[in-house]
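Colleague: I would like to go through the charges and patches here. Can you take my questions one at a time?

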Amino acid sequence: MMPLFRIGVTVVLALIAGMACGDDRVEFDREIRPILSENCFHCHGPDESRRKAGLRLDVSNTFDRKSFIERISAEAGDERMPPLESGKNLTPKQRNLLLRWIEQGAEYQPFWAFTPLIQPPLPDLIANTPPTNNAIDWFVQAKLDQRGWNLANQATKFRLLRRVKFDLIGLPPTPDEVDNFLRDESEDAYERVVDRLLASPQYGERMAIDWLDAARYADTNGYQVDRNRELWAWRDWVIDAFNANMSFDQFTIEQLAGDLLPNATLSQQIATGFHRNHMLNEEGGIIDEEFLAEYTADRVETTASVWLGQTFQCARCHDHKFDPFTQRDFYSMKAFFHNVSERGVGIYANPIRRNAPPFVQLSTPELDSKVASLKKKRDEATRELDDYTSTAKKEWKPDLSDEQKQAEQKSLESQPRFVELTAAVAKCKKEVQAAEDEIPTTLIMSESKPRKTYILDRGAYDKLGDEVTANTPAILPPMSDALPRNRLGLAYWLVSNENPLTARVTVNRFWQQLFGSGLVRTSEDFGTQGELPSHPELLAWLSVRFRESGWDVKQLMRLIVTSHTYRQQSSATQAMHDMDLDNRTLARGPRHRLMAELIRDQTLAVSGLLSQKIGGPSVRPYHPTGLYEQVTAGNGYNVYVQGKGDELFRRSMYTYWKRSVPHPAMLAFDAPFREFCSVRRSRSNTALQALNLMNDPTYVEAARFVAARMWNEGGSCIEERIRFGFKLLLSREPSEPELQVMVAAYNRAKDDFSKDQTAATELLSVGENKRELGIDAIELAAMTTLATTFMNLDEFISK
């Protein structure tokens, strides 16, 4: 077949003119920009230093259309674009879209994410009216109308209750809650459940999990040394802020610049730990300025990802190749974070509570009293030593030139009473220091003398380019002149009405938390390489609503979970699955595997082992023997010391997080390493996950206690006990075939353990909780294997 470009440009234009009809116009932002971004921007985009042939395609200009058509139509040779060596290739559909766009005048549109936020009106529906007055349902139904589809029916009550409990507090419903909800036939039964969950103190715990990922929260510094750090007070601040429904704009301001607020409170200082969560290097021989550059760059990248949904790391070494951000933008943002009174190198010689200033102490009345008492004792001992020394020196002759004084001083210091008093002072000082070291600390932000900030050539800390001052990206609306050019001014700019990104990005992440995917699936990238929103009008409407509500998070969450879109059943016909595998039309309810923390938390909850304590220092649950030490060299503070008592059964968000050895059960279910900001977790399905659920001491021990609950609370026969197990672990009744399968499984296990009682004893000995359950060992072991079976069901680990 003759290459298309040899046919001639006039013929091509004539052909595509014939293809186009009426109002069938090509939309640049949705259809053309993604093609150019993927195939052209690398060489013909925002990065001026790498731009070829002086051609820029990311903004409107008067490029040679004839040449453009010839290049994209060529199949081979030097004329072909994109070139063969790029590994990229235009599909026939993409080539046709580009040709039609040229024929229609090659009009550009401003990139959607950077346009001002304007709330669209509710759509006119073609055929079907949603079953609620919730605006979300109107926008979703309008999208479904295009395919002739309707919103699905509401999920069954027990599935809906399970879904919303996991989403709002991260725990499953109890059997009593299921029964009460099923019996409640009032019209507002579901809404009252939602309101109760939003008021629960466990709501803040669930909401905080995603924020800890974004903030790269961990309990150690990272890098090779990876010593412990204390930032759990910041984590607790986040939980409290969500529970108090702190407005998201204030939530932003306090975390980025709470220390700069007038008369900043201790709580507002603690909040600034957000930007002390980055890694900290304590290795000997490293260069202070090099790692100070790393920390400030991390803050820029994290801020851009969390509040702007932009991949700023690409602009650290050169102008962004795909989005309109320059190196100057990156280092102007860095200048906001370059004035913190910190070092690039941690002080390894200091205890972990004093190795990385700035920090604040978090004392208690008991510790204050203890320190005050010891200081008084120290001062008294010091005074007694001073009095003794002063009295002794009065007996010295007044005319002693310097050698005689030294001799007298030496004689004084050798006297038993002087030695005794000196030792007492030294002991008191050590006791005071030890008591002060007991006082927890937390890392904070604090301004110091302003440092000069420069563009760094290729991002190298020692290759200084032009000096820059604190400023926001040029492509976005500028900061008001009334705002200070510091972190506080930046925070106010981020949540200003003029900023088009923060509300969109934040609403999208909350949607992602509830549906598994955001309206913009690439929640970390609202740039040209990211996906376009599946429902752009809905995202805009929600974003304006969120901002105008006073950034009310609970109101937003309530609006979403009470929509029919959220309440839909998750099943669909095969045809719908084939046409919309990822449910981007929202034609059915959300269904996906639970996140790592919630799988473990619900296991502890249904077993009755879960501790309800909120906050406090991180804890160390069960951990594979020897794994920790293999990575850390296994001595001193590098030995894993397992927790005791309730510490083994705290919610997973309180699990001690060592960056070099994150908890393997969390990693198996796709928790991030927390070395850098993460706003979207991957979701895998591996055999290792099943092995973990079957063999991890947490799950084996919990299965024993689930078995005991089934036995003691379920009734007097095996069928009733299994029915209770279904309600306890899956929040529903079993079908008759399911019940018979489980009964057979129990009888088979009981028979096996009757023949091998040692196996039963070994199974029932797993875990530290040795509470006597008062059940025959053979029957308890058989029921335990049944509980393990429940825990390995897809339904148990899915929402």
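**Charges, patches and places**

Colleague: Which residue forms a salt bridge with Arg723?

Modeller: A salt bridge needs a side-chain nitrogen of Lys or Arg within 4 Å of a carboxyl oxygen of Asp or Glu. Here the closest N and O atoms are 3.7 Å apart. The partner of Arg723 is Glu733.

Colleague: What pLDDT do side-chain atom pairs need to count?

Modeller: Residues are numbered from 1 along each chain as its sequence is written, and side-chain values use heavy atoms, leaving out hydrogens and water. The model is predicted: totals for chains, interfaces and linings use all residues, local features need pLDDT of at least 70, and side-chain atom pairs count only at pLDDT 80 or more.

Colleague: Are Arg227 and Glu282 buried or exposed?

Modeller: They form a salt bridge, with closest N and O atoms 2.7 Å apart. The pair links distant parts of the chain, 55 residues apart: Arg227 in the loop between helix H10 (201-214) and helix H11 (232-243), Glu282 in the loop between helix H13 (266-271) and helix H14 (288-308). The cut-offs are under 20% relative accessible area for buried, over 50% for exposed, and partly exposed in between (1.4 Å probe, protein chains only). Both residues are buried.

Colleague: Which residue pairs with Glu342 in a salt bridge?

Modeller: The closest N and O atoms are 2.7 Å apart in the bridge between Glu342 and Arg299. Glu342 lies in the loop between helix H15 (327-334) and strand E1 (359-361) and its partner in helix H14, so the pair ties together parts 43 residues apart in sequence. Glu342 is buried at 7% relative accessibility.

Colleague: How many salt bridges does the rule give?

Modeller: Some bridges join into a network, which links Arg159, Arg732, Glu738 and Glu795. By this rule the count comes to 49.

Colleague: Where is Glu85?

Modeller: Glu85 is part of a negative surface patch with Asp64, Glu70, Asp78 and Glu79. Patch residues have over 30% relative accessible area and no salt bridge; like charges are joined within 9 Å, nonpolar side chains (Val, Leu, Ile, Met, Phe, Trp, Tyr) within 5 Å. Glu85 is exposed, because its relative accessible area is 71%. Its place is the loop between helix H4 (65-73) and helix H5 (92-103).

Colleague: What accessible area do Leu688, Leu691 and Met694 have together?

Modeller: Areas come from the Shrake-Rupley method with a 1.4 Å probe; for residues, only the protein chains shown count as cover. Leu691 is in helix H28 (residues 687-695). Leu691 counts as partly exposed because its relative accessibility is 45%. The three form a nonpolar surface patch of about 290 Å².

How values were computed
Lys, Arg positive; Asp, Glu negative; His and termini not counted. Charge placed at Lys NZ, Arg CZ, Asp CG, Glu CD. Helix = DSSP H or I, 4+ residues; strand = E, 2+ residues; numbered from the N terminus.
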